[in-house]
Amino acid sequence: MPVPDGLDGMRIDAGLSRLLGLSRTVVAGLAEAGRVSVDGREAGKSDRLPGGSWLEVELPDAEAPAVIEGPAEVVAGLTVLHSDDDIVVVDKPVGVAAHPSPGWTGPTVTGGLAALGFRLSTSGAAERQGIVHRLDVGTTGVMVVATSEHAYTVLKRAFKERTVDKRYHAVVQGHPDPSSGTVDAPIDRHPRHDHRFAVMQSGKPSVTHYDTIEAFRSASLLDVHLETGRTHQIRVHFSALRHPCVGDLTYGADPTLAKRVGLTRQWLHARTLGFEHPADGRHVEFTSPYPADLAAALDALTDR
């Protein structure tokens, strides 16, 4: 490129920093590595830029982003509900993450599927291959994973456009009033507590619909339909209503009740998932039964 008149007489490190938007330290490193030349001759970082001269800069290749890889390992309790050329639908057990992430060393859905011989879509971030939606580590239930590029594109769009029917069952403390309703409250990261979220005016729009299936003395079993899919959405919304999920100590649940029904995590289960199959557009729906710990807690509440 020609040296602009406005940089005439400036040092190489200062002028290139302004011209290319790089730090002076980076520009100095390029010059010291012989990657900067003026009119065909190598230039040092303190050399001057003559206006109108021809400047050549060889930029280094961008560093490849770090890839967080998880091992292919058999995941106890990970059940395949359905599989075909485009998708695999699983029943995710508790204590399993959807995909590898910084700081997580436990089992993952992607690792478990790899161990079972499934080849997932390569679209998206390397560590999230095939993942079109997620469930919390402590939330069980039905998940769909894309095994073809076409399915990945179609399902990502479906989740973004909210055409996927996501229904959860949750047991919350007390009895929500009204017994059926909608929570429309934006969610953002908690301003003081890491790894938690809260209803915040600055947050993203979040809408949760619910119906009471059964009311017990101290809790209620709800059918929850998510219109949006924010992190911890159900847990945050019902905590804000002062009806946290039973066992969800992170969001204010009563530890005495949790102990009484034998729960060490929130009573929240991804019950059904319905969507148009990416191959032919037909509606498909998959249902996950309650895992043992949630079923036992529900029995304990029924008996009281």
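Is arginine 24 buried, exposed or partly exposed, and what is its relative accessibility? Arginine 24 counts as partly exposed because its relative accessibility is 43%; the cut-offs are under 20% relative accessible area for buried, over 50% for exposed and in between for partly exposed (1.4 Å probe, protein chains only). The views below come from a predicted model, where local features need pLDDT of at least 70, side-chain atom pairs count only at pLDDT 80 or more, and totals for chains, interfaces and linings use all residues. Residues are numbered from 1 along each chain as its sequence is written, and side-chain values use heavy atoms, with hydrogens and water left out.

**View 1. Aspartate 13 pairs with arginine 24.** This is a salt bridge (a side-chain nitrogen of Lys or Arg within 4 Å of a carboxyl oxygen of Asp or Glu), and here the closest N and O atoms are 3.4 Å apart. Aspartate 13 sits in helix α1 (residues 12-20) and arginine 24 in helix α2 (residues 24-32), so the pair links distant parts of the chain, eleven residues apart. Helices here are DSSP runs of H or I with at least four residues, strands are runs of E with at least two, and both are numbered from the N terminus. With a relative accessibility of 5%, aspartate 13 counts as buried.

**View 2. Arginine 235 meets aspartate 248.** Their side chains form a salt bridge at 2.8 Å, N to O. Arginine 235 belongs to helix α5 (residues 233-240), while aspartate 248 lies in the loop between α5 and α6 (255-260), 13 residues apart. Both arginine 235 and aspartate 248 are buried.

**View 3. Aspartate 293 meets arginine 265.** Here the N to O distance of the salt bridge is 2.9 Å. Aspartate 293 is partly exposed at 26% relative accessible area, whereas arginine 265 is buried at 7%.

**View 4. Met1, Leu19, Leu20 and Leu59 form a nonpolar surface patch.** Together they have about 310 Å² of accessible area, from the Shrake-Rupley method with a 1.4 Å probe, and for residues only the protein chains shown count as cover. Patch members have over 30% relative accessible area and no salt bridge; nonpolar side chains (Val, Leu, Ile, Met, Phe, Trp, Tyr) are joined within 5 Å, like charges within 9 Å. Leucine 19 is in helix α1 and is partly exposed, at 31% relative accessible area.
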